[in-house]
Number of protein chains: 2
Amino acid sequence: VLHAGGAIADQETVSALGEFGLIAELSAWLPPDRRALVGIGDDAAVLAAPDGRVVASTDFLLEGRHFRRDWSSARDVGRKAAARSLIDVAAMGAVPTGLLVALAVPGDLPVSWARGLAEGLAAECARAGAAVIGGDTARADSVLLVTTVLGDLAGRAPVLRSGAAPGDLVAVAGTLGHAGAGLALLSAGHPDDPLTAAQRHPVPPYDAGPQAADLGATAMIDISDGLLADLGHIAAASGVLIDLSSDRLAPDKDLLAAARFFGGRTFRGSTPEHLQALTWVLSGGEDHALAATFKPDVALPPGWTVIGTVQEGLGVLVDGQAWTGSAGWDHFSG
Amino acid sequence: VLHAGGAIADQETVSALGEFGLIAELSAWLPPDRRALVGIGDDAAVLAAPDGRVVASTDFLLEGRHFRRDWSSARDVGRKAAARSLIDVAAMGAVPTGLLVALAVPGDLPVSWARGLAEGLAAECARAGAAVIGGDTARADSVLLVTTVLGDLAGRAPVLRSGAAPGDLVAVAGTLGHAGAGLALLSAGHPDDPLTAAQRHPVPPYDAGPQAADLGATAMIDISDGLLADLGHIAAASGVLIDLSSDRLAPDKDLLAAARFFGGRTFRGSTPEHLQALTWVLSGGEDHALAATFKPDVALPPGWTVIGTVQEGLGVLVDGQAWTGSAGWDHFSG
C-alpha cells in the first residue's frame with residue numbers, strides 16, 4: 001500500500017493525478033497476498049509456483065465491446081475483467097493465484113472510477129483465492145484492460161480441449177444463458193431485471209475446474225462465447241461429435257420470464273418463449289460456466305450437470321440434429 | 001503451427017481474415033518451445049517454472065506513444081514490445097521464459113504487418129531464450145500491445161530496488177542514450193542515422209540480469225525512463241543517495257556525432273555538444289540497459305561499467321551536484 005486510499009477527492013480526474021499517482025491510488029485498494037513474494041512496485045512481481053509449472057492466460061476487456069460505463073459500475077467492470085481471466089486458469093484444472101492488470105483510461109476519468117475498478121478486481125480475485133500482483137497504466141480514448149492470470153496445477157495434469165473420447169459424458173458447472181439474456185435486457189432498456197447482473201459481473205465456478213480435473217475430466221473449456229461455440233472447440237480439438245440433450249438444458253424460470261418479456265419482438269415472430277430461452281442457454285456467452293467431458297462411470301458431485309454425450313464423428317448436435325437457432329454468439333457489441 | 005504461414009496474400013487485411021484467422025496466422029510464425037508444456041490454442045498455456053516461483057511483469061506498447069508505424073517496421077515493433085517486457089524479468093535476476101501477447105489492431109491493417117510483428121516477437125524472445133506461449137486479439141483504432149513476461153529465478157533471490165546501501169558501487173550494463181538520440185533524429189527527419197535503430201528496437205543485455213544477481217547485486221532496475229529517473233527509483237526505495245561520475249558516463253562517438261548534428265538547434269543555444277550528448281546518456285529512455293548496485297569488493301565482468309557510488313542521503317546527483325539539464329524523460333510522444 002503506497003498511500004492511504006480515499007485521500008483524493010472523488011471528482012479528481014486521472015489526468016490531474018498523473019501516472020504514478022494513479023498507480024499509487026490503485027495499489028492502495030489492492031491488498032497484498034502471501035503468495036506474492038514480491039508485489040506491486042518493482043520491475044516485476046514474484047509469485048509462488050509450488051507445482052513447478054505455471055498456468056497463464058491473457059485477455060482483453062474493452063469498453064464498448066465487453067462493457068459500457070453507463071450500464072456497469074466501475075466495480076462491476078473490475079469484477080468482470082478478473083472473472084474472465086481467472087476462469088481460464090480453472091478451465092485447465094488449476095487454481096488461480098495471481099493477476100496482472102494493464103489498464104488504459106481516458107484522462108478525464110474520475111479517480112473514484114479507477115478506485116471502484118480496483119475494488120472490483122480485488123473482490124473477484126478474493127473469490128477465486130488469487131490476488132492482483134502487478135500491472136501497468138496508460139492513456140486511451142476509452143477504458144481498456146488486459147488481464148493476465150497465473151495459476152497453479154498443484155500436481156494435476158492440465159485438462160486440455162483435446163482429450164474428449166467417444167463414450168464420455170458432457171457436463172457443465174455454472175449458469176448458462178443468464179449473461180446473454182442480461183445483455184438483451186440491458187439493450188432493451190431494462191437494467192433492473194435480475195438477469196442483467198449476470199451480464200455486468202459473471203460469477204464463474206472457479207472451484208469446479210480443479211474439481212473436474214480431480215474427477216478425471218478428459219477435456220474442459222470455459223464457456224465464454226456460448227455453449228455450442230465452445231463445445232465446438234472441444235469437438236474440433238478432440239476429433240469427436242458432441243450430442244446435447246435439450247431436456248437436460250431446460251431454461252430456468254428467470255430465463256423463461258425474460259423470454260416472455262421479449263415475446264417475438266427481438267427474435268423471429270413465430271419463436272415460442274421456450275425456444276428463445278433455450279437459445280440463450282445454447283448460444284449466450286459471458287456466463288463463464290465450465291464445460292467438461294468425463295468417463296461414463298464418473299460420479300459427479302453437486303454443481304455438475306450431465307447435458308450430453310461424446311460420440312464418433314465431428315461437431316456439436318442438439319438432440320441428434322444441427323441446431324438451427326442462433327448458432328454462434330457475436331460478442332457484446334454495445 | 002495451425003497452418004502454413006505465407007498462404008495469405010500480403011495485401012489482405014486483418015478485417016478480412018477475422019479473429020480466428022488472425023490468431024492462426026500469428027501462431028504460424030511463433031515457434032513452439034519445449035518449456036511451453038501447453039502452448040497457444042487452449043484456455044491457458046502451461047509453462048515450466050522449475051524454481052517453484054515465477055517472475056511476472058506486464059507492459060503496454062502503444063502506437064503513437066512508443067512507436068510510429070511510419071518510423072518502424074512491424075518486425076521492429078514486435079522486437080521492441082518483447083524487449084521492453086523481457087528485460088523486466090532480467091532486472092529481477094531471472095531468466096525470461098515465456099511471453100503472452102495481447103494485440104489490438106485496426107481492421108484495415110495488412111496481414112503482412114501482423115506477420116512481421118509475430119516474427120519480431122519471436123526473434124526477440126529467441127535472443128532472450130524465451131518463447132511466445134499465448135495471447136489474445138482485439139480491434140482498436142491504432143495498434144496496441146500488452147506483453148506479459150514470465151521468468152524463472154533458478155534458485156536466485158530476486159534483486160529488488162530496495163537493497164542498495166551506502167558504500168555500494170553503481171554500475172550499468174548495456175547502452176545509454178542511443179534510443180533517446182535516435183528519437184531526436186527520427187523526429188528531425190533523419191531516419192538513416194545508425195542511432196535510430198536503437199529507438200526502433202532496443203537490444204537489452206538480458207544475460208546481465210542473472211549475472212548481476214549471481215555477483216550479489218544489492219539492487220537492480222531496467223533503465224526505461226532514463227538513467228537519472230530510474231536510479232531515482234532505487235534511491236527512493238533503498239533510502240540512499242546515488243552520486244554518479246560524469247567522467248564514467250562519457251558519451252561515445254555516435255552520440256557526439258548526433259549532438260554535433262543538432263548543434264544548439266533543439267536544445268538551449270549555448271549548450272556545448274558534449275552536454276547535449278551527456279543529456280541523452282543521463283535522461284534518454286528506452287535503451288533498456290540495466291543499472292545495479294554491488295558491494296564495493298565485487299569483481300565486475302566485462303559488460304558492466306562502474307558509474308558511481310551509493311552514499312548516505314536521498315536522491316541522485318552527478319559529480320556531487322543536482323543535474324540541471326533535462327531531468328526526466330517525457331516518454332516518446334510522436
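Contact here means that heavy atoms lie within 4.5 Å, and the exercises below apply to a predicted model.

**Exercise 1.** Determine how many residues of chain A and of chain B take part in the contact between them, and how much area the two chains bury.

*Solution.* Begin with the contacts: 51 residues of chain A touch 51 residues of chain B. Turn next to area, since the size of an interface is often given as the accessible area lost when the parts come together. Between them, chain A and chain B bury about 3700 Å², with 65% of it on carbon and sulfur atoms.

**Exercise 2.** Count the polar contacts and salt bridges between the chains, then describe the side of chain A that touches chain B.

*Solution.* There are four salt bridges between chain A and chain B; one of them joins Arg161(A) to Asp43(B), whose closest N and O atoms are 3.0 Å apart, within the 4 Å cut-off. The residue pairs in polar contact, with both residues at pLDDT 80 or more, number 17. Among the elements that give two or more residues to this side of chain A are helix H2 (19-28), strand E2 (45-48) and strand E3 (53-62) of chain A, and E3(A) supplies the largest share, nine residues. Sorted by class, the side of chain A that touches chain B comprises 32 nonpolar, eight polar and eleven charged residues.

How values were computed: Residues numbered from 1 in each chain as written. Chains lettered and ligands numbered in written order. Predicted model: local features only at pLDDT ≥ 70, side-chain atom pairs only at ≥ 80, totals over all residues. Heavy atoms only, no water. Buried area = accessible area lost by both parts, 1.4 Å probe. Salt bridge = Lys/Arg side-chain N within 4 Å of Asp/Glu carboxyl O. Polar contact = N/O pair within 3.5 Å; in protein donor to acceptor, adjacent residues only side chain to side chain. Helix = DSSP H or I, 4+ residues; strand = E, 2+ residues; numbered from the N terminus. Nonpolar A, V, L, I, M, F, W, Y, C, P; charged D, E, K, R; others polar.
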